[in-house]
Amino acid sequence: MAEVEETLKRIQTHKGVIGTIVVNAEGIPIRTTLDNSTTVQYAGLLHQLTMKARSTVRDLDPQNDLTFLRIRPKKHEIMVAPDKEYLLIVIQNPSE
Amino acid sequence: MGAGGLNTKGRHTQLGSGYLSCTSAFSGSPQPQPCGKALMQATGEMRAIIMQSHPNDILPLTLTSATQELFGCRCDEDVTGDNPYKILRKEDIVQDMRMRAAVSDFSPMKQLVLDYPEDELLLVYDRDFIYGSSFYLVLTADAKERHLKVIEVALEREPSEVFAAQKTSEPQPWISLGSEQEIEEESVTDSRPRLKYRISRVRREFGAPIFFSDRNAMETKDGFIECTPYQDKNFSLKQMERHTGVQTIPNLKSSSTQTQWTYPRSMCTQYEPREFSEEKKENCLQSEKLKNFVNSVASRFEIAIQQNEIMDVFFDDWKALSEEDSGYGRKADPHLKEYQSFTDLHFSKEKTISNINWHPTINGVIAVAVTERLSFEDRINGSTKLLLNPSLILFWSFSDPINPQLLLECPDDVFSFEFCPSDPNIIVGGCMNGQVVLWDISTHVEQLQGTHKRENETPVVRYCAVSGIENGHKAPITDIQWLPGTFEVSRMGVPMENKNGICVQIVTCAPDCCVMFWDIRAPRVLQTMADQRKQKVEEKPLENPHGVPNTFKHLDLTWKPLIRVQHISYCKTRLQLVLSTTFCPQDGELVYTDWKLEKDNDSGRLFSAKPSHRFIIHDGQVNTVRRSPFFKDIILTVGGWTFAIWKEGVTNGPIIQSSCSQKKCTVGYWSQSRPAVLFIGKEDGNIDVWDLLEKTHEPSQTQNITATQITCIKPWIVSSKQHLLAVSDHLGTLHILEIPWTLRSPSSNEKLSMSKYFEKEVDRLVYFEKRREMRAKEKKDYEAEELRKKTYLIKRPVIFIIEK
């Protein structure tokens, strides 16, 4: 438990990181550093997008799998790491 | 005819004159010769037609039959007319001559034969006795050659052609070959004489009524004759070949279906996201799987985050580069171009313009306040004349540079006036005698906009409200400002939110050490918080003279200020408003005050607080206090020979102060579009354009506009392509200048650079302050040290040791 906390904290304290969210396989947020409404929105939308991205990758090559997804909107960057059961989302504002 | 020779293969032989040209028949020349019968017989024979004497190399001789048998040249047997040539061997002839001596036929030519060079001699049978004998012997080798050649040629010669004589044809009787039969068959002729029939009828039956009846054709046999069709075998044609074209088209299929009609219905759903309860979250967090997951993915994240920190991959260097470049590359003229200039001979002659204002909403309309160009004494001396000449505010429009569009009449010279920000039809002005004047131009707005055709005379609008003389200032009102529409000030001086959103309050200042707040609403709307000894605004119904709108009837002549802020001994010339403070510069001194009225506990009177800060920076009267349109806390002040930029909150001094210029600075203004640019007007008619990012020790450019002192500068943004600067001078002329591209378009990050620059300057000031303190401290320490040393020296005992 402490390890998990520590790792997440380490990520959170990087320069420019706005928030981190841990989401389970169904898209329900487990742990977050943002407010509730934002968290829920991010979790729901990114969960769907990750599923789609993963299915795309696997369609192209069944032996391949999605390891990391980076989305670059204008204002900041969203990074998603999928797993079989969980999803970790980090939002960072890159160097200004 | 006789000259012809035998042209066989180029050989030319000269024959005797007796020869005819028929020998030329051998020459191969295609000349038809009239031939006689002799030629027709001569096929391969060389025969002369007429022979008189023999040539020299031929010797005719006669051979007996015995000789003939001996040599094999019997007449008409061995040698014939067709084959008259016989080759004889010379030895045989010699032998014969020896054997038969005189009997031999060859004896008369014995010598000749012996002389013959070759071995064989040619004997020619001369059947026609051309040379007079039956044989002749060819004597020379040349002749023999010749003859032999002739033989060959003759054999090859084609038979001569027969030429039919050409005659003109004569008409002959036509011989029928049977072709006229067809034509005769085609022509139609009577084969028999024509038959004539004559039919007559009895006379009495003429004109008798006719009766028709029906008869069924089927009943009687042979009632009708029909031609039944039948297949005629003659005409059955079988088409063997057919030429058609084929085109494919897509399969067209049309079908229809009927759907069930449904009508739309409004429905809505409401959902909320699923969430875990707290303990469930805790459970998840505890799980081993999560730990593993987080550990495994954390490294990826760190790499990615670090990448982002290092550099921004999506930054478009190319685009950023181009922005900077375009600024320098421009060869455009950086000067302010004269756009238009307004002066009115009638109204602004010998007057000066004290204030300019652009109309906030109508494009191309600008208002100027025209005042007399007189000093104080002159004013007093000429006061009666002045009363006759009313003071005016002129409205100019770009469409008409000669005549002003509108005139506002003022009770006295107006030094400053402003359009109401929320309602541009209301204009407030402050006069020389301390009165505050209000105009309402809503009736003339269409004219200003240019939609109405103008009458010949410029319309004059009288003011619709003016404050009472005893209530107003005691000195000319030098500056007047509308309070922003979002808040108002109560009687106590506390700013409150203005619920209406329209501007209702005005602040004025004058050199009589007063700043007054005025409210333009009717008194009953005013919040009377604590109406102790505060002046109340009385209402008095007034008649409506001169067609003036009744907008401010309630204020006319009785208008009193809401709040009067009295500052001790400070004359005010300009003021610039902030939420709760004012800058009131005067005589080179900048005063920063809070206008809140405080209640003095002792006397119960309200008085204003002392100014919090005073600065003496400028050497002359400060004539401009302006906030930067980009930075809320940066203020520009212009006075004397310098200008200074201040930041609110920084109380040490100005953050930037310019060097002294040659001429007095009379007015200044920030640029509306570029955070780093400001315009300073000088007393010699120059405009200095300062670009603080480019140079701070001198203006970036100077441009002369007019010959006299510049009294007011106001920029205005008409459109993104046109920025205008209105400049007025002491002579009463209003110049409108166009700001060039270099001065109106900000460079990239200009605002950021400026704010950084200001911060740097603030830091510098702070640093200086610190240094000063430090120096002071150091000095103090040093002095203390010195003192201590001195006293120490004095106090030190002297010990004498005397040795005996």
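In this predicted model, chain B and chain A share 13 residue pairs in polar contact, with both residues of each pair at pLDDT 80 or more. On the chain B side, helix 7 (278-286) and helix 8 (288-310) each supply at least two residues that touch chain A. Helix 8 of chain B gives the largest share of that side, 16 residues. Sorted by type, the residues of chain B that touch chain A are 15 nonpolar, five polar and nine charged.

Charged pairs also occur across this interface. The rule finds three salt bridges between chain B and chain A. One of the residue pairs joined by a salt bridge is A:Glu26 with B:Arg274, where the closest N and O atoms are 3.5 Å apart.

The extent of the interface can be given in residues or in area. Chain B contributes 29 residues to the contact and chain A contributes 37 residues. The size of an interface is often expressed as the accessible area lost when the parts come together. For chain B and chain A the buried area is about 3,200 Å², and carbon and sulfur atoms give 64% of it. The residues of chain B that lose the most area to chain A are B:Phe293, B:Phe301 and B:Asn308, which together account for 21% of what that side buries.

The rest of this description concerns the sheets of chain B. One is an open sheet of four strands in the order 1-4-3-2, with antiparallel pairing. Its edge strands are strand 1 (58-61) and strand 2 (85-89), each of which pairs on one side only. From one strand to the next, the twist averages 30 degrees. Within this sheet, strand 3 (residues 120-125) and strand 4 (residues 135-138) of chain B are paired in the antiparallel sense over four bridges. B:Val124 has B:Tyr136, in strand 4 of chain B, as its bridge partner. Helix 3 (residues 90-100) of chain B lies across strand 2 and strand 3 of chain B, and runs at about 70 degrees to strand 2.

Another open sheet in chain B has five strands in the order 6-7-8-9-13, and its pairing is mixed. Strand 6 (351-358) and strand 13 (460-461) of chain B each have a single partner strand, so one side of each is left without a neighbour in the sheet. In strand 13 of chain B, B:Val461 is the bridge partner of B:Leu408.

Definitions and conventions. Residues are numbered from 1 along each chain as its sequence is written. Chains are lettered from A and ligands numbered from 1 in the order in which they are written. This is a predicted model: local features need pLDDT of at least 70, side-chain atom pairs count only at pLDDT 80 or more; totals for chains, interfaces and linings use all residues. Side-chain values use heavy atoms; hydrogens and water are left out. Contact means heavy atoms within 4.5 Å. Buried area is the accessible area (1.4 Å probe) that two parts lose on being put together, summed over both. A salt bridge is a side-chain nitrogen of Lys or Arg within 4 Å of a carboxyl oxygen of Asp or Glu. A polar contact is a pair of N or O atoms within 3.5 Å; within protein, one must be able to donate a hydrogen and the other to accept it, and residues adjacent in sequence count only if both atoms are side-chain atoms. Ala, Val, Leu, Ile, Met, Phe, Trp, Tyr, Cys and Pro count as nonpolar, Asp, Glu, Lys and Arg as charged, and the others, Gly among them, as polar. Two strands pair if DSSP finds at least two bridges between them. Axes are lines fitted to C-alpha atoms, for helices over the stretch in contact, and angles run from 0 to 180 degrees between N-to-C directions.
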